[in-house]
Structure formats: structure tokens, C-alpha cells
Amino acid sequence: MINILTVYGQLLIKALGQTLLLALLGLFFACILGIIFGIMSVLKSKVCRVIQQVFVDIIRGVPMIVLAFFIYFGVPYAFNNLLGVRMVLTALQAGTIALALNCGAYMSEIIRAGIQSVDVGQMEAARSLGLSYWRSMYRVVMPQAIRTMIPTIINQFIITLKDTSILSVIGFPELVNTAKTVVANTMDSFSVWAIVGVMYLIVITTLSKVAKALERRLSYDRKK
Amino acid sequence: MTVRSNNVKIHVSHLQKSFGDLEVLKDISTDIYEGEVVVILGPSGSGKSTFLRCLNRLEEFQSGEVVVDGYNMADKKIDINKVRENIGMVFQHFNLFNNLNVLKNLMLAPVDLKKADKETAKKQALAMLEKVGLSDKADAYPHQLSGGQKQRVAIARALCMNPDIMLFDEPTSALDPEMVGEVLQVIRQLAAEGMTMVIVSHEIGFAREVADRAIFMDGGYIVEEGTPEEVILNPKEPRAIDFFNKVL
Ligand SMILES: Nc1ncnc2c1ncn2[C@@H]1O[C@H](COP(=O)(O)OP(=O)(O)O)[C@@H](O)[C@H]1O
Ligand SMILES: [Mg+2]
């Protein structure tokens with residue numbers, strides 16, 4: 001095991017870096033998608049709500065590995081062969097899109113639930129004072145919704161971080177993919193997978209701890 | 001009791017409002033004058049809250065006319081937010097902004113709507129807190145206050161927009177009995193200052209004391225209307241007689 005660490009340690013650390021890069025990119029776009037679709041789901045407009053629902057249903061109903069293959073192989077194929085437009089996606093691009101869509105759908109549900117958990121009286125009070133819908137949302141509803149959402153969002157971040165391993169199937173050199181090569185070279189699958197497991201564990205546990213601290217800092221009705 | 005001026009502040013005629021198939025307000029007409037205090041009485045489910053919420057368009061209605069301060073509330077082209085700045089509303093369950101402390105609850109709307117800069121808004125907020133007897137609670141969060149304190153903050157918050165009209169929807173119904181008095185005292189003071197107010201309340205004694213006029217609603221209609229003495233002590237309609245027999 002020591003041997004593997006000295007020879008392949010740096011490679012694995014680099015692969016972890018790629019995992020984190022993919023996760024961060026995916027999460028960044030997932031947040032944008034989640035906010036857009038989450039807000040659409042609480043609007044009066046039925047069309048907006050239906051669009052969000054269909055998006056969530058599709059993502060829920062399709063395994064991410066299928067989504068990843070579809071985006072990485074299927075979409076460029078359609079562009080090149082059916083539409084006659086040249087198009088290539090790198091594994092990082094395809095992976096980011098797959099993660100963003102997947103996590104974004106769940107985020108939109110989290111955001112919808114968070115907004116709906118805020119008593120309608122809060123919005124009504126703000127509106128009765130003359131604030132517009134969006135100002136009321138921004139100043140009163142969202143700050144309260146976000147507080148209730150934070151634990152679930154962090155949990156979703158962790159799931160997404162783990163889901164990056166699924167993207168090893170499209171050849172992105174993240175941790176699992178790299179580990180496979182190391183196993184092939186060393187034939188010591190016990191040590192390699194143990195090391196990789198511990199690496200994930202450290203990152204995710206740290207993230208959970210940060211989440212706990214954040215949650216405590218943001219709560220206004222527990223302290224004081 | 002204030003002298004009634006001849007200015008109509010709120011004009012309602014043939015107001016009709018349904019939730020889906022349920023017709024809640026059937027045909028409501030009344031005029032409320034500047035400086036007048038109107039108390040709305042009636043059994044639960046008779047449409048009192050819905051009526052009040054039509055006055056600032058928290059509820060949209062199907063037909064009829066509601067004109068507040070000259071603004072036709074059915075008109076989609078009016079700037080409803082501007083109109084609402086002038087109509088304070090106090091809710092049964094207070095609805096203080098849970099994410100903000102008392103001072104910020106009071107300052108939010110005036111600052112956000114550019115009615116005042118931060119300093120002026122803060123001064124005014126502190127003055128309003130003094131008025132409702134809660135100067136020491138400026139830094140408290142809503143969850144640290146008693147029900148009576150919350151409702152007084154809610155009134156102060158509405159007053160910080162300097163409204164001409166105040167709407168109260170059962171402001172004391174969610175309070176423990178010992179806290180009712182402190183809230184009624186604030187409303188009494190507003191009445192003395194000549195504020196135009198529409199108050200949905202079950203406090204019969206209070207209604208008789210502060211109201212210029214009482215309206216008894218039932219089944220989506222105004223069943224009785226007149227001075228509090230007339231409506232409460234000498235109702236003519238069977239439904240009203242029945243109601244006041246039960247509550248008096
Ligand atoms: N948002 C709503 N959707 C559907 N029905 C409602 C809604 N709000 C009130 N109602 C119904 O309208 C009727 C009148 O309600 P409300 O105005 O709250 O009466 P009150 O304040 O006199 O007790 C009730 O039957 C109530 O169930
Ligand atoms: Mg009511």
C-alpha cells in the first residue's frame with residue numbers, strides 16, 4: 001500500500017482534483033438550473049409548473065449512466081449524422097452537462113419545497129406593505145427558504161460529488177477511472193480501492209462538517 | 001370618536017368574489033369615509049377576511065367595484081404596489097418577517113420602496129416602537145416576542161409606511177386573553193388620531209367603544225349595518241339576532 005502511495009499517490013491526488021473540478025462545474029450549473037426551475041415551480045403560470053415537473057420526471061426516470069452516454073455519444077451523433085453539423089463534446093463537457101441536469105432537477109425540487117415551507121403569510125405581509133412579488137421573494141421568502149434548504153442542498157452536493165464516479169464510463173480521468181488504471185498496473189485492487197475510498201471519505205466528511213457549521217451560523221431561532 | 005368627513009376613502013359596490021365554485025362574497029356594497037372606524041362582525045366563514053383582502057387586492061374579485069383613494073382596484077393597469085403603500089394591513093397571525101429583527105421588520109418596506117433613507121427610516125421605526133410601547137424590543141427577533149408584542153410590532157410595521165387606511169383582520173383572535181388589551185389600546189389610540197380603519201373583530205365591547213359603524217356579515221352579504229348600538233344591541237335580522245345572542 002505504501003508502495004502504491006509513493007508511486008501513484010500524485011496521480012490519484014490529481015484524479016481527485018479532476019473529480020472535484022467536475023463536481024464543482026456540475027454543481028455550479030446545477031444551482032443555476034435548480035434556481036430557475038425551482039422558481040418556475042412556484043409561479044402562478046401553469047406552463048412554468050408543468051415544464052419543471054416534466055424536467056424532474058425525466059431526470060428521475062432515467063439513470064444517470066444512460067443520461068451520460070446519451071449526452072456524450074448520442075447528442076454529437078445526432079448533430080453529425082442527422083443534422084450534418086460538426087460537433088464534439090469533451091468528456092468534461094458531457095460530464096458537466098449530465099451532472100448539472102441530474103443535480104439541477106433535484107435542486108429545483110429542494111428549492112420548491114423550501115419556498116413552499118415558508119408560510120404564505122410572509123409573502124402577504126410583504127405584499128400588503130407595497131413590495132413587489134420579486135422584492136418580497138428576495139427580501140423575505142428566499143432568506144427563510146434558504147435556511148431550511150441548506151442541509152438538503154449540502155446533502156445533494158455530496159450525492160453529486162459521489163455521482164461523478166459514474167462518469168468514469170465516458171472516460172473522464174476522475175478518481176474512479178484513474179484508480180482502474182492503477183489497479184490494472186499494480187494488480188493490488190485491495191489497496192487501490194481502499195485508498196480511493198478513504199480519499200472520498202475525507203472530502204465528503206469535511207464537506208459535511210462545513211455544512212453543519214454553516215447551518216448553525218445561519219439559524220436565527222436557535223441562538224440568542 | 002372622530003368627526004366623520006365627507007370624503008369617501010373606500011367605495012365598494014356590488015362586490016362579488018368566488019373561490020372556484022364557492023361564492024364567498026355575493027353582493028357587497030358600502031362606503032367608508034375618511035377618519036371612520038368600521039368594525040365587521042359575523043360568524044366564521046361569512047367572508048369577512050375575504051372582504052378585507054379585496055380592499056387591498058390580496059384577493060382578486062370577479063365583479064363589482066372597489067375604489068380605494070380613487071384607485072379602481074379591478075383595473076389591472078394601476079400600480080397596485082403604490083396603492084398598497086397607503087393601506088396598512090394587520091393579520092390575525094401577525095406575519096412578522098421571521099428572518100429580520102424588530103427594527104428591520106419596521107424598516108424593510110420604507111427603505112426598500114425608497115420612502116426614506118436608512119437613517120430617517122430608523123428614526124421613524126424607533127418612534128413607532130415607542131408609540132406601541134416596545135422601545136426595548138428593537139433588536140429582538142419575532143420568535144422572542146409574546147403574541148401581544150408581535151401584534152404591536154405588526155401594527156408599528158404597517159404604520160411606518162404612513163398609511164391613510166388600516167385594515168385589521170381579527171388582530172386579537174390569536175392572542176391569550178391577557179394580551180388582548182395591550183393590542184386594543186394601540187388600535188384605540190389610532191382611532192383617536194383619526195385613522196380610517198376597517199376592523200374584523202369578535203371583541204364586541206371594543207367594537208361598541210371605538211367603532212363609528214358596525215357591519216354584520218353573513219353568507220356573503222351585509223346583513224346589518226349601522227351604529228354599533230343599533231347593530232349589536234338591536235339587530236333586526238334573525239341571523240344577526242341569533243349571532244349576538246350567542247356572543248353577548
Ligand atoms: N383561498 C381560499 N380558497 C378557497 N376557499 C377559501 C379561500 N379563502 C377562504 N375561503 C373560503 O371562503 C369562505 C369565507 O372565508 P373567510 O373570508 O376567511 O371567512 P371569515 O373571515 O368570515 O371567517 C370560507 O368558506 C372559506 O373556506
Ligand atoms: Mg377570517
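This is a predicted model: local features need pLDDT of at least 70, side-chain atom pairs count only at pLDDT 80 or more; totals for chains, interfaces and linings use all residues.
Residues are numbered from 1 along each chain as its sequence is written, chains are lettered from A and ligands numbered from 1 in the order in which they are written, and side-chain values use heavy atoms, with hydrogens and water left out.

**Interface between chains A and B**

- In contact across the interface (heavy atoms within 4.5 Å) are 21 residues of chain A and 25 residues of chain B.
- Ten residue pairs, both members at pLDDT 80 or more, are in polar contact between the two chains; a polar contact is a pair of N or O atoms within 3.5 Å, where within protein one must be able to donate a hydrogen and the other to accept it, and residues adjacent in sequence count only if both atoms are side-chain atoms.
- On the side of chain A that touches chain B, α5 (120–128) and α6 (133–163) each supply at least two residues; helices (H or I, at least four residues) and strands (E, at least two) are DSSP runs, numbered from the N terminus.
- The largest share of that side, seven residues, comes from α5(A).
- By type, the residues of the side of chain A that touches chain B are seven nonpolar, six polar and eight charged. Ala, Val, Leu, Ile, Met, Phe, Trp, Tyr, Cys and Pro count as nonpolar, Asp, Glu, Lys and Arg as charged, and the others, Gly among them, as polar.

**Salt bridges**

- The structure holds 20 salt bridges over all chains, each a side-chain nitrogen of Lys or Arg within 4 Å of a carboxyl oxygen of Asp or Glu.
- Three salt bridges are counted between chain A and chain B.
- One salt bridge joins A:R135 and B:D112, with the closest N and O atoms 2.8 Å apart.
- Another pairs A:E124 with B:R53, the closest N and O atoms being 2.7 Å apart. This pair crosses between chains, from helix α5 of chain A to helix α1 of chain B.

**Ligand 1**

- The shell around ligand 1 (residues with a heavy atom within 4 Å of it) consists of B:F19, B:L22, B:V24, B:P43, B:S44, B:G45, B:S46, B:G47, B:K48, B:S49 and B:T50.
- β2 (22–33) and α1 (48–55) of chain B each supply at least two residues of this shell, and α1(B) gives the most, with three residues.
- The shell divides into four nonpolar, six polar and one charged residue.
- Backbone approaches to oxygen atoms of ligand 1 include an N or O atom of B:G45 at 2.7 Å and a polar atom of B:S46 at 3.2 Å.
- From the side chain of B:T50, an N or O atom is 2.5 Å from an oxygen atom of ligand 1.
- On its own ligand 1 has 560 Å² of accessible area, of which the protein covers 59%; accessible areas come from the Shrake-Rupley method with a 1.4 Å probe, and for residues only the protein chains shown count as cover.

**Fold of chain A**

- Chain A has eight helices and zero strands.
- The C-alpha trace of chain A spans about 70 × 55 × 25 Å along its principal axes.

**Backbone angles in chain B**

- Most residues other than glycine have a negative phi.
- B:H14, in strand β1 (residues 8–19) of chain B, has a positive phi of about 50 degrees.
- B:N95 has a positive phi near 55 degrees and lies in the loop between β6 (87–90) and α3 (102–112) of chain B.
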